[in-house]
Amino acid sequence: MTTLDSLVFSPVHKVGVLGGGQLGRMMGLAGIPLGLEFVFLDPSSDACATAAGDLVQADFSDEQAARELSALVDVVTFDFENVPAATARALQENCLVYPSPDALGAGQDRLAEKELLTSLGIEVAPYHVVSSRTDLLAGLEKVGYPAVLKTRRLGYDGKGQAVLRDQEDLERAWQKLGDFDLVLEAFVPFQAECSLVAVRGLDGEIRTWPLARNVHSNGILVLSMPGAFDEALQSLATRKMKALLEHFDYRGVLTIEFFLADGKLLANEFAPRVHNSGHWSIDGAVCSQFENHVRAVASMPLGETSMTGHSVMFNWIGEMPDRERAMKIPGLHWHDYGKSPRPGRKIGHATLTASGEDELKRNAGRLAEIAGGEFPRLLGQLFD
Ligand code: AMP
């Protein structure tokens, strides 16, 4: 009789991905050289991942379509954390799904996420559940101004949240968000933001990439640079990561975003998937987050996660700078997702690699000048 355990060791040829965005595309681009084929499920007919595989065009809540996808592949994963956990769970009846749909579900509700992190000893900023205006006022008593009011579900990249600095902000935010289930967090006066991307493989082996220092603008990641912190912080973040990975008996890549404040790491959120702050690893690590995710879900041995030199990633949001000028910079690696430009949309990124820090800083300055806008100022924050 075939059991799920014996299936774990059978060779995987086809990987199904719920979601066909740039993360799926980069998974496909990393997995094709390993001999794998990909099928993506996405509502959009021009999902950009289709450059790397076939498409089942359907809504994420369409369990029937998801079952059709699972019949075509050996294992299913996801590139998008708002795929309904119910869809992923339904697939588990007849196919392997990695990471566990429980991890997907836990990351979809900011309250459940904070409760889980706290129960595992992973510290988060003080918070308060808000279902009414009275709760909000009680929450403000507890965490004080400034605070951040966030929707519990479907918020990402700074969407569905508001910073409250005074009574006026409170009234405005309540008008906008009052109909949703909410959570109020203390505003963390962080020295830096960082994220740990890690992978857990078939035999429970865990590997982490170097902690990346991140700079956001309007809640969206703009710059990310690995290797900017010391060993002590890396070990602290790794201990927190290990607790979360083991809790879920996790398989694949998982990311925790942290605030660094007064030497402490406070978890902001986790993402049960490859992450924007790990894109540098395609060009700057021995094995990228995409390749290792695919290796993990396809039951292959994991690759080395160390940096091959110094690197920094620039995110292209809404528009891309002059490619020809940028590509003249030594160590420039260009990634165009093939998506049509739209304000606020992630349409590509570039990673600069260099053998030394000075060279990286100099070339990053040149790229920031070419990209213009906020880039020169934000780059200053990264190298402060
Ligand atoms: P999120 O959607 O929770 O990832 O938040 C997006 C960005 O908003 C974060 O990366 C921070 O730059 C900022 N942010 C969110 N929550 C807080 C907080 N409690 N304190 C300070 N900044 C925050």
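A search of the whole structure, which is a predicted model, finds 19 salt bridges. One of them joins D109 and R152, whose closest N and O atoms are 2.7 Å apart. This pair ties together distant parts of the chain: D109 sits in the loop between α5 (101-106) and α6 (110-119), while R152 sits in the loop between β7 (147-151) and β8 (161-164), 43 residues apart. Both partners are covered by protein. D109 has a relative accessibility of 6% and so counts as buried, and R152, with a relative accessible area of 18%, is buried as well. The pair also belongs to a network of salt bridges that links D109, R152 and R153.

A second salt bridge brings together the side chains of K264 and E123, at 3.2 Å from N to O. Here too, distant parts of the chain are linked, with K264 in strand β15 (residues 264-271) and E123 in the loop between α6 and β6 (127-130), 141 residues apart. K264 counts as partly exposed because its relative accessibility is 42%, and E123 falls in the partly exposed class at 35%.

D169 counts as buried, at 16% relative accessibility, whereas R172 counts as exposed, at 52%.

Turning to the strands, an open sheet of 5 strands runs in the order β3-β2-β1-β4-β5, with parallel pairing. β3 and β5 (96-97) stand at its edges with a single partner strand each, so one side of each has no neighbour in the sheet. The partner of β5 is strand β4 (residues 75-78), and the two pair in the parallel sense over 2 bridges; V75 has L96 in β5 as its bridge partner.

Antiparallel pairing is found around strand β16 (residues 310-317). Because 6 of its 8 residues are buried, β16 is largely enclosed by the rest of the structure. It pairs with strand β13 (residues 220-226) over 2 antiparallel bridges, where L223 has F314 in β16 as its bridge partner. β16 also pairs in the antiparallel sense with strand β18 (residues 346-354), over 8 bridges, and V312 stands opposite L352 in β18.

D59 is placed in the loop between β3 (54-57) and α3 (63-72), and counts as partly exposed at 45% relative accessibility.

How values were computed: Residues numbered from 1 in each chain as written. Predicted model: local features only at pLDDT ≥ 70, side-chain atom pairs only at ≥ 80, totals over all residues. Heavy atoms only, no water. Helix = DSSP H or I, 4+ residues; strand = E, 2+ residues; numbered from the N terminus. Buried < 20%, exposed > 50% of the residue type's maximum accessible area, 1.4 Å probe, protein only. Pairing = 2+ DSSP bridges. Salt bridge = Lys/Arg side-chain N within 4 Å of Asp/Glu carboxyl O.
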